[in-house]
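Subject: Structure for your files

Hello,

Here is the structure I promised to pass on. My notes on it follow below.

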Amino acid sequence: MLNRLKQSIASAKEFALFLKKRSALEDEHANGLKKLCRMSQDSIQRTEHRGGSFARAYDEMMAIHERMADNGVQFAMSLHTMHDDLIELASIAEKSRKGWKQNGLSAEQRVAELEAAMRKSKAKYDSLAEEYDRARTGDPSGRQGGKMFGFKGPKSAAQHEEDLLRKTQAADQDYMSRVQIAQNERTELLTRTRPETVKALQDIVRECDSGVVLQMQKFASFNEKLLLSNGLSISPLKNGPEARSLRECVLAIDNEKDLNDFLSNHYARLPPKSGEPKYERNPLLEQAHRPPTGSTYPNQPQQQQQQQQQGPPPGAAQPLPPQPQMFGSANSRTSTFDTLPPSNQGPVPSYGQSANPGSMIPPAQRPGSQPQHERTFSHGNVAAQNAGPPGPPGPQYGGGPPRGPVAPAPQPQIANSRFNGAINPAASQGGGAPQLGALTFQSQPSQPPQQPLQLQPHQPPPPFGQPPLQQGGPMSNPLQQHPPNSSAFPRNQSPPAAPQMAPSRPVFGVTLSRLYERDGLAVPMVVYQCIQAVDLFGLTLEGIYRLSGSLPHVNKLKNQFDTDSGSANLDFRNPENFFHDVNSVAGLLKQFFRDLPDPLLTKEHYSAFIEAAKNEDDTVRRDSLHAIINSLPDPNYATLRALTLHLHRVIDNSGVNRMSCQNLAIVFGPTLMGTAPGSNISDAGWQVRVVDTILQNTYQIFDDDD
């Protein structure tokens, strides 16, 4: 019951913690929403924003969001109150649990102590009874010459028997009283104390569980209330101008009416309209150039009227220089349409050029005028990209040779592309038609012009074990370089082993004695398989045990041994099982010895091995090490023997693999010796000497039988 009550209290605290964090999140969200609504509402009331129906709908929408924020604040406060109630309930239950635990356990402890005292009294009573029986039957044990020695001198047998009888009777009375007291306390425990404690604990558990369930029901109800309140704020039940839904507020926006109202309000601010500009010929000029009477041109007044409206005919000589008002005022709204030259008299605008005041300036007066503008290559202009170089540009305006030198076609540049964020320089000068790639109606995505990059020839991936070649020099294109963290392994290497489940029968990091007790093998399976693989495929491999294998391969093989060391995939007679990588097998064997909690030569004998290695006499050093090796535990001895015989076979092929006895001792010295408390860096040389001596005297220390 105590454990069950502890679970209920823990559950109540956990739910209270959830309510506290949820309350903080809701409060933060509600306050942030309210603040956002106020800021947005203040901003929308400025003059640079729209007014009319849009502003009214926006205010109503912000009011709806403020009501939703208020609902969130109330929900957060309710959750915080529930958290406080649960914490108080859990604290009361925990206090009651401690009190009843103390009462119940004290009663149990008191009964246990009385029973122990009863057993002790019974043992004393039995001992005195045995002594009294020996004294009464005349057993000579414990007496010397028929007399007993006491504090006041020797006692006779009768006195000794009488004393023992009196002590036995007193012990009997004490034992009887203790039995009765223990029985009464046990009865009290079983009939009253324990049931009361259990019942009280059950009541506390029920109260705590009921409180948690009640708070959970309130939590569900508050969530429903929050969603319902937000729903009613967004879409109220009753209809009316004061209770419009969010959809109705948005649908009430009338863009056309807002625009008309805006134009109506700003109509009074317009300047008064001036009269239309008219051409008036000076009467002096009219009289000076009046033809003589009796001219053969009867229609002269009509021709003069046409000349006043349309200007001089094409090819006609101008009698006087043109007046500045000939093309109209540049600032007048109607000057553009009133002064347009006829199609047969003025320059014709090119494709895409609008009728603006700049287009009515003669070609000779336009700044930056060029004979023709080239089109930029946009996304859809595939034909322009595939076509050959453009021919000689024709004149931009209706007739006559081009003015100024012919500009060469612009080269495609990424920095000047319109779609790269820059302005087309040809279109920004204002002369001639705008380029097709810079027109505003082209909204489809376009590809930037391709630059002729100097691509390097493809190189095959490097062979196994060699780093990839670096391409390019310091001035190479950075787009062709690999990112610094693009890949941690070459393309032809295996990726690191994926994380697996916790091993059920681990091999690495387990002591040899534990492996022997569990698997029943004197030499661990991983050591046997690694030695077998090197014997079959690695004795003639140069640098065996000195060169490092592939770390991903080592980790994968390690995980396989930790998961199931008896798997058929771990039979190293098949080189496919170790990826045809003998160096990884050698690294796996060294990793096994490094991971041993107690080194192969044991921490216990570390100092003895070091002291033995310090002997200068080869025979004394060999015999000393032999004696220490014989004292190793059986699994350590068997594993050391198998490893030493294997390394001796490696030494026999040292002419090919270049691994002499000294080289192997350097590799395996720290691995087999490990470190011990009090060791220092100077012991490294002695560790190598220990392994070197063992390898040089392999057949003197170990036998070679199977």
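Phe18 is partly exposed, with a relative accessible area of 39%, whereas Phe15 is buried at 13%. Here buried means under 20% relative accessible area, exposed over 50% and partly exposed in between, with a 1.4 Å probe and protein chains only. This is a predicted model, in which local features need pLDDT of at least 70, side-chain atom pairs count only at pLDDT 80 or more, and totals for chains, interfaces and linings use all residues. Residues are numbered from 1 along each chain as its sequence is written, and side-chain values use heavy atoms, leaving out hydrogens and water.

Both phenylalanines, Phe15 and Phe18, belong to helix 1 (residues 2-44), where they sit three residues apart, about one turn of the helix. Helices (H or I, at least four residues) and strands (E, at least two) are DSSP runs, numbered from the N terminus.

On aromatic pairs, the rule is that rings of Phe, Tyr and Trp (its six-membered ring) pair if their centres lie within 6.5 Å; planes under 30 degrees apart count as stacked, over 60 as edge-to-face and the rest as tilted. The count by this rule is 12 aromatic pairs. Phe15 and Phe18 are stacked because their ring centres are 6.2 Å apart and their planes are at 20°.

Tyr125 and Tyr175 also form a stacked aromatic pair, with 6.0 Å centre to centre and 10° between the planes. Tyr125 is in helix 2 (residues 53-137) and Tyr175 in helix 3 (residues 157-234), so this pair ties together parts 50 residues apart in sequence. Tyr125 is partly exposed, at 21% relative accessibility. Elsewhere, Phe537, Phe561, Phe572 and Phe578 make up one aromatic cluster.

Leu237 is in the loop between helix 3 and helix 4 (246-251) and is exposed, with a relative accessible area of 76%.

For the protein as a whole, there are 21 helices and two strands. Of the 706 residues, 29% are buried. Among contacts (heavy atoms within 4.5 Å) between residues at least 6 apart in sequence, 75% join residues at least 24 apart. The protein exposes about 46,400 Å², and carbon and sulfur atoms supply 54% of that area; accessible areas come from the Shrake-Rupley method with a 1.4 Å probe, and for residues only the protein chains shown count as cover.

Regards
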